[in-house]
Number of protein chains: 2
Amino acid sequence: MDIAELGKFKLLDELTSGFDSVAGNRDGDCAVIDGPGDEYVLVASGLMLEGIHFDLTYTPLKHLGFKSVVAAASDICAMNGMPARLLVTVGVSARFTVESLKELFEGIRLACRTYGIELAGADLTSSLTGLTLSMTVTGKTDKNRIVCRKGAGETDLVCVTGDLGAAYMGVKLLDREKRVLRGNDVARPQFDGYAYLLERELKPRLRADVVEALKEADIVPTSMIDISDGLASDLKRICKASDVGARIYLDRIPIASETFDSADRFQVDPVVAALNGGDDYELLFTVPVSYYDRVVRLGGIDVIGHIVPASRGVALVTPDGAEITLQAQGWKE
Amino acid sequence: MDIAELGKFKLLDELTSGFDSVAGNRDGDCAVIDGPGDEYVLVASGLMLEGIHFDLTYTPLKHLGFKSVVAAASDICAMNGMPARLLVTVGVSARFTVESLKELFEGIRLACRTYGIELAGADLTSSLTGLTLSMTVTGKTDKNRIVCRKGAGETDLVCVTGDLGAAYMGVKLLDREKRVLRGNDVARPQFDGYAYLLERELKPRLRADVVEALKEADIVPTSMIDISDGLASDLKRICKASDVGARIYLDRIPIASETFDSADRFQVDPVVAALNGGDDYELLFTVPVSYYDRVVRLGGIDVIGHIVPASRGVALVTPDGAEITLQAQGWKE
């Protein structure tokens with residue numbers, strides 16, 4: 001049977017169904033381990049493959065290094081934890097030079113410095129094919145502050161940090177320049193005025209600041225996930241894990257003006273970019289409805305909807321009140 | 001500059017030299033984190049790439065799954081820890097079927113069951129190129145029982161578990177059959193009498209039993225490593241980390257009769273197979289000389305030499321007393 005036919009998550013369910021024991025928290029990509037005192041140790045692991053997760057024709061290696069760390073550490077933040085250590089393994093083919101690897105590690109180093117992550121180990125291996133990055137990040141969280149995908153309750157508010165769809169438009173922009181410039185080594189890409197979109201795609205920020213702000217405000221979300229595959233897919237994951245449905249309001253979805261502008265030029269619906277574009281690494285979480293004021297007061301967080309019974313499904317509500325069921329995204333869903 | 005010119009470990013030193021803070025234990029592939037009470041949490045991560053770490057023309061996927069878990073968990077055992085949890089990410093190209101992935105996960109499941117490891121998370125991603133396996137294993141050890149590569153002292157005994165070189169001969173055997181059978185789908189490989197060598201290569205055992213035996217005997221090695229790249233390379237790593245030299249005796253190196261027999265047929269020196277063949281996943285460790293009787297009493301462990309001052313280097317002593325300096329193995333060293 002073809003893998004695409006079955007879909008990723010059904011396939012994963014099948015593949016892991018025969019295991020004797022599956023550790024407690026399997027609803028994220030994180031292992032949760034007893035730590036010292038009142039802490040859990042969190043471990044998350046991610047794989048970045050050339051041609052799938054990045055395109056070296058337009059991704060500077062330094063940015064790739066930075067982004068790889070953010071992508072893995074984001075899984076720690078999604079459990080309301082703070083990242084602490086990094087293990088890196090890089091598979092490189094002969095075409096890479098020492099200088100190019102130094103650029104890659106310069107980006108990794110910059111991410112570690114920016115987010116206070118210690119390098120716990122680095123390894124290199126040969127690769128016959130493309131560049132392969134394996135990143136394992138450990139972190140920690142107080143036991144009474146850990147958050148999973150499971151836990152969203154009916155009437156809870158659906159909240160999202162930052163803005164969505166910018167990274168997707170950044171990819172569109174880079175793809176266009178790649179097509180325009182193919183076979184032309186002299187011309188430089190025209191990226192003027194698109195700095196924000198490019199930065200969101202090439203050098204995403206880790207929302208560890210949100211984890212800290214939630215702690216300071218004494219707010220523990222009922223569920224949380226980082227938006228790596230798009231708002232639609234990741235909201236559906238929270239709903240599936242929590243056995244609930246959701247309503248989110250189209251006009252509440254935070255979209256940057258740069259995303260609107262470029263979407264217009266690329267004839268892309270900016271809401272589609274926000275719903276289905278990945279790589280934003282913003283946090284999507286739920287809190288009890290009574291937390292509305294406290295969450296809004298934090299700043300940079302939008303309440304975009306609320307949780308409903310599972311029977312009502314997961315839908316987007318348009319300004320005229322129409323409900324559009326959020327669709328699965330093939331392989332990613 | 002070409003990567004091969006510089007050598008892997010010098011390159012890694014260069015790549016990681018600019019990091020602000022490098023976590024305490026960087027002499028292994030493991031992160032060491034404070035755990036509950038008197039325990040450390042250990043985290044090890046490994047990458048297995050098609051064409052580099054395995055050849056799918058003769059590696060059954062079930063065996064590959066099993067071996068991948070052992071390879072990653074072996075880094076936990078090398079720190080005198082017991083593996084506990086597994087995070088798996090698999091990159092697959094479209095040519096893989098659901099059935100083939102099930103075989104792979106059946107091997108992963110078998111290794112988990114055999115060694116009491118819980119699956120903490122599994123993920124799939126597309127791959128444009130070959131099959132890519134990223135395995136992260138967590139484990140734990142008592143704080144007063146953790147062992148690193150650093151710590152071997154002068155006059156310490158050099159000990160090795162099991163026997164060496166069998167996996168290397170297993171690869172030779174599989175390579176020969178691959179050449180013989182190329183373009184011939186009907187003939188079956190002739191593996192009669194080679195079961196032991198094939199098992200050592202395709203389904204290596206994890207020496208968690210040795211970690212338990214050492215604990216029961218109240219022995220804490222002064223240094224330890226798992227033999228993944230060959231006795232010579234891995235002994236040199238212990239010596240480098242501990243700033244010592246070593247003498248190992250050719251006629252003390254444990255080599256199975258099957259390895260001797262097949263080496264004869266393939267015109268390979270069995271000692272070279274033991275020194276430079278990888279993938280044995282046996283443990284190489286040092287203990288104070290006063291532990292000789294206690295170590296030997298454990299069974300299945302050979303004392304193959306002793307530690308000397310760094311100035312004397314790392315050498316193999318032949319039965320006639322000649323000393324042969326152990327050579328670095330290019331990329332791997």
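Trainee: Where does Gln267(B) lie?

Mentor: Gln267(B) sits in the loop between α9 (257-266) and α10 (270-276) of chain B. Those labels are DSSP runs counted from the N terminus: helices are H or I with at least four residues, strands are E with at least two. Before we go on: this is a predicted model, where local features need pLDDT of at least 70, side-chain atom pairs count only at pLDDT 80 or more, and totals for chains, interfaces and linings use all residues. Residues are numbered from 1 along each chain as its sequence is written, chains are lettered from A and ligands numbered from 1 in the order in which they are written, and side-chain values use heavy atoms, leaving out hydrogens and water.

Trainee: What makes the phi of Gln267(B) worth a remark?

Mentor: Its phi is about 55°, positive although Gln267(B) is not a glycine. Most residues other than glycine have a negative phi. Thr155(B) is another case, with phi near 75°, and Thr155(B) is in the loop between β5 and β6 (157-161) of chain B.

Trainee: Why is the pair Glu14(A) and Lys102(B) called a salt bridge?

Mentor: The term asks for a side-chain nitrogen of Lys or Arg within 4 Å of a carboxyl oxygen of Asp or Glu. The closest N and O atoms of Glu14(A) and Lys102(B) are 2.7 Å apart, so the pair qualifies.

Trainee: How many residues does each chain bring to the contact, and how much area is buried?

Mentor: Chain A gives 72 residues and chain B gives 72, with contact meaning heavy atoms within 4.5 Å. Between them the chains bury about 6200 Å², 67% of it on carbon and sulfur atoms. Buried area is the accessible area (1.4 Å probe) that two parts lose on being put together, summed over both. Leu15(A), Phe19(A) and Leu119(A) supply 10% of what chain A buries against chain B, more than any other three residues.

Trainee: Which strands stand at the edges of the seven-stranded sheet of chain A, and how do you know?

Mentor: That open sheet has the order β7-β9-β6-β10-β8-β11-β12, with mixed pairing. Two strands pair if DSSP finds at least two bridges between them. β7 (223-227) and β12 (323-325) of chain A each have a single partner strand, so one side of each is left without a neighbour in the sheet. Inside the sheet, β8 (residues 244-249) and β11 (residues 314-317) of chain A run parallel and are joined by four bridges, so they count as paired. One bridge partner there is Val314(A) in β11(A), for Ala246(A).

Trainee: What is the strand order in the open sheet of chain B?

Mentor: Five strands run β1-β2-β5-β3-β4, again with mixed pairing. The edges are β1 (30-34) and β4 (118-126) of chain B, each pairing on one side only. β3 (residues 82-92) and β5 (residues 132-142) of chain B are antiparallel over nine bridges, and Met82(B) stands opposite Lys140(B) in β5(B).
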